[in-house]
Amino acid sequence: MSSADEATLSIWQRDITTFRVNIAGVTAQERVDYALSRIESTPPIELHKGPRSVYKTQDDEASVGFYFGDHFIFYLREGDLAPGQSLKEEEEKILTKLTAYAEAQARQREPRRILIGIVAFLVFTVIFVLCMVILAFYRRWIERLFSKEKIVDKKIVILGVDFSSHIAEMIKRGLLTLSWVCLAVLSYIYVVLLLRAFPYTEVWGQKLGRKVIGLIGDLLLGVLRSIPDLFTLLVIYVIIRSLINLVKYTFEGMEGSKRRGRWMDEDTRKATKRVLIILIWVFGVVVAYPYIPGSDSEAFKGISVLLGLMVSLGSTGLVNQIMAGFVVLYSGAMRSGEYVHMGDVEGTLTEVGLLSCKVLTPRGEYVSIPNAVIMNGKTVNYSRLAKKDGAVFATSITIGYDTPWKTVHRLMQDAASNTTQIKDSPKPRIIQEELGDFAVKYTLVFNVDDPQRKPAILTEVHTKIQDGFAREGIQIMSPHFNMQPEDPVLPPRD
């Protein structure tokens, strides 16, 4: 007797026992083949008597012989036992499995049992098809419901983005996914019931059923073990929501206060509220992380490391923009509704955000300017001092040296006086900015009440200047001339 590769004796999907030794040159696999042939050739009358066992000693080693009635099947030697097994325990297990096989064989031969299996197959199939039809109608109903009605009526705004449509789509996808999960569960149950309807495949059905029950049991046990952590997560969530509501109520109260502008303007309040809410959520996630079920698993840790790496690599520019946004917001250099000039963009500031500022130009262009660009450039705010003396604007012209400066001053003053939206106080003033090589540069500085009317006011004052100089026969020296022309360069009279 020598050791050999082990081989398992299985009949009708039932594992009876495992052979692990050779006997008289017969390998374990050959012993399995011999036992199978003996079992399959068992006469029905002997099979009906059921299995029995007989102890015997062979080659000074205890063994057990198994029979169906008087029909011998195989021997089990002590060398076939796994470590820790006893011959008596293995004998009882084998007798139980052989009894189940004999009973299944007997049921398989009964016409009544076969008829019951066929009827069960038809009933289960009809029920399964009806369930699939119901699920198909359910999916169509969900599609029609979400296409005709607005499920989420209230706007859900997070960081300035309305997520109501996205949440509605998530609800729709969740309900449709639920139908597919139900279909998968029903299919699994259908297969289990079909397998258990016939004695030959009954063991497969039992194994599949035990797997499902074991999985459900593990899930329920995991849920029960997670109840303290889930309760802690609930408490943390309630505290976080309470803090967020406190922040919202505080800033809403500031918005309704008459003294709100003395401490914090509207743009700063909105941004500060968002920052505080984000910080509270981040704090809540950090505190809640150890209590999340599965957070101590290697998979969860790997995902956390991956997300941290992605955030650290991709957030450099974002952090730069946010820090620049803090400077722009809390410096108070500009606010929503003011008329500003940033870089080559001029218009009404509509929003001051953490990442960018939005400007509406006089030509109707909606321009977004990153805060980092604003920090690195020059910003002119025309509206900040407009409430006191009005916003200050200027326009320049170049006039030749042959024109008296007093005449130029008079004509430019007349143009400003005849422009309806230019303030009389402070009085418009003329500055001779430059004595150039070809002409003198005169700049008209004036104040207006509404800085957002700048394009219209400049258009009007420019037309007044052109008309006034044309009437006096004075040419505006733009572009420059290399030599004095024979005739004055003047616009044609109306």
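**Close-up views of a predicted model**

**View 1. Helix α14 and its buried residues.** In α14, the residues K454, I457, L458, V461, I465, G468, F469 and A470 are buried, where buried means under 20% relative accessible area, exposed means over 50%, and partly exposed lies in between (1.4 Å probe, protein chains only). The model is predicted, so local features need pLDDT of at least 70 and side-chain atom pairs count only at pLDDT 80 or more, whereas totals for chains, interfaces and linings use all residues. Residues are numbered from 1 along each chain as its sequence is written, and side-chain values use heavy atoms, with hydrogens and water left out. The helices (H or I, at least four residues) and strands (E, at least two) are DSSP runs numbered from the N terminus. The buried residues of α14 pack against β8, β9, β13, α13 and β15, contact being taken as heavy atoms within 4.5 Å. An α-helix has 3.6 residues a turn, so residues three or four places apart point the same way.

**View 2. The length and the end of α14.** The 19 residues of α14 should span 27 Å at 1.5 Å a residue, and this agrees with its end C-alpha atoms, which are 27 Å apart; the expected span is 1.5 Å times one less than the number of residues. Just after α14, G473 takes a positive phi of about 75°.

**View 3. The sheet of β13, β15 and β14.** Three strands form an open sheet with antiparallel pairing, in the order β13-β15-β14, two strands being counted as paired if DSSP finds at least two bridges between them. Its edge strands, each pairing on one side only, are β13 (391–399) and β14 (429–435). From one strand to the next the twist averages 25°; axes are lines fitted to C-alpha atoms, for helices over the stretch in contact, and angles run from 0 to 180 degrees between N-to-C directions. Strand β15 (residues 440–448) pairs with β13 in the antiparallel sense over 9 bridges, and T395 stands opposite L444 in β15. Helix α13 (residues 405–417) packs on this sheet and touches β13, β14 and β15, its direction making about 25° with that of β15. Helix α14 (residues 454–472) lies across β13 and β15 and runs at about 30° to β13.

View 4. The peptide bond from S425 to P426 is cis, with omega near -5°, and P426 has its place in the loop between α13 and β14. Most residues other than glycine have a negative phi, and most peptide bonds are trans.

**View 5. The sheet of β11, β10, β9, β8 and β12.** Five strands form an open, antiparallel sheet in the order β11-β10-β9-β8-β12. Its edge strands are β11 (366–370) and β12 (379–381), each of which pairs on one side only. Neighbouring strands of this sheet are turned by 40° against each other on average, direction ignored. Strand β8 (residues 339–342) and strand β9 (residues 345–352) run antiparallel and are joined by 4 bridges, and H341 stands opposite E346 in β9.

**View 6. T361 in a loop.** The loop between β10 (356–360) and β11 holds T361, which counts as buried because its relative accessibility is 9%. Not counting residues up to four places away in sequence, T361 touches V345, E346, G347 and V367.
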